[in-house]
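Subject: Structure handover

Hi,

Here is the structure I promised to pass on.

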Amino acid sequence: MDAKEALEKLPKALKIGPHVYTVRLVDGIPGEEGEITFAQIDTSALLIEVIRNCPSSSIVAGHVIHECLHGIWHERNLGKRPDEEKVVLQFESGLIQFAQDNPKFFRWFLKCISRSEEHTSELQS
């Protein structure tokens, strides 16, 4: 899948804990000096922003899961720790590698934990 298709198929909402976050495509995200920012989460506004010009689908997927991990960190009330970014980055990389190495596991896992269609229909649009 190319980046354009990944962005088109990216869900418009993601549930993290009890909250539904809106996922919005944007033209740019201000980053640190000289740094490109592909995605960001605003836990107060329940918003995840992703830039439209990501160079690849793997970057889209990696950055979205990265921001969701920040959302989980916040939702689980782990506190603002100096190493949050390091922990999230390492889990992002580890999850991506695990998913790439074990595609059958994720199909099985999703079947095991799936909820009824009624409950998840809002999140699948």
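To start you off: leaving aside neighbours within four places in sequence, which residues is valine 64 in contact with? The contacts of valine 64 are Leu10, Leu14 and Val50. Please keep in mind that this is a predicted model.

Val64 also turns up in the largest nonpolar core, which has 19 residues. Together with Ile48 and Val50, Val64 touches the most other members of that core. At least two core residues come from each of these elements: α1 (3–9), β1 (13–16), β2, β3, β4 (47–51) and α2 (57–75). As background, nonpolar side chains tend to be buried together in soluble globular proteins.

Now the chain as a whole. You will find five helices and four strands in it. Reading from the N terminus, the order of elements is α-β-β-β-β-α-α-α-α. The radius of gyration is 15 Å, close to the 14 Å that the globule rule gives for 125 residues, so the chain is as compact as a globular protein of that length. Along the principal axes, the C-alpha atoms fill a box of roughly 45 × 35 × 30 Å.

A few totals go with that. Of the 125 residues, 28% are buried. If you take contacts between residues at least 6 apart in sequence, 54% of them join residues at least 24 apart. The chain exposes about 8800 Å², and 55% of this area is supplied by carbon and sulfur atoms.

Two more spots are worth a click. The loop between β2 (19–26) and β3 (39–42) holds threonine 37. Is threonine 37 buried or exposed? Its relative accessibility is 17%, so threonine 37 counts as buried, given that the cut-off for buried is under 20%. Apart from neighbours within four places in sequence, threonine 37 is in contact with Ile29, Pro30, Gly31 and Ile51.

With a relative accessible area of 49%, isoleucine 113 is partly exposed, because exposed would require over 50%.

Over to you, and happy browsing!

Technical notes. Residues are numbered from 1 along each chain as its sequence is written. This is a predicted model: local features need pLDDT of at least 70, side-chain atom pairs count only at pLDDT 80 or more; totals for chains, interfaces and linings use all residues. Side-chain values use heavy atoms; hydrogens and water are left out. Buried means under 20% relative accessible area, exposed over 50%, partly exposed in between (1.4 Å probe, protein chains only). Contact means heavy atoms within 4.5 Å. The radius of gyration is taken over C-alpha atoms; the globule rule is 2.2 Å times the number of residues to the power 0.38. Accessible areas come from the Shrake-Rupley method with a 1.4 Å probe; for residues, only the protein chains shown count as cover. A nonpolar core is a set of buried Ala, Val, Leu, Ile, Met, Phe, Trp, Tyr and Cys residues joined through side-chain atoms within 4.5 Å.
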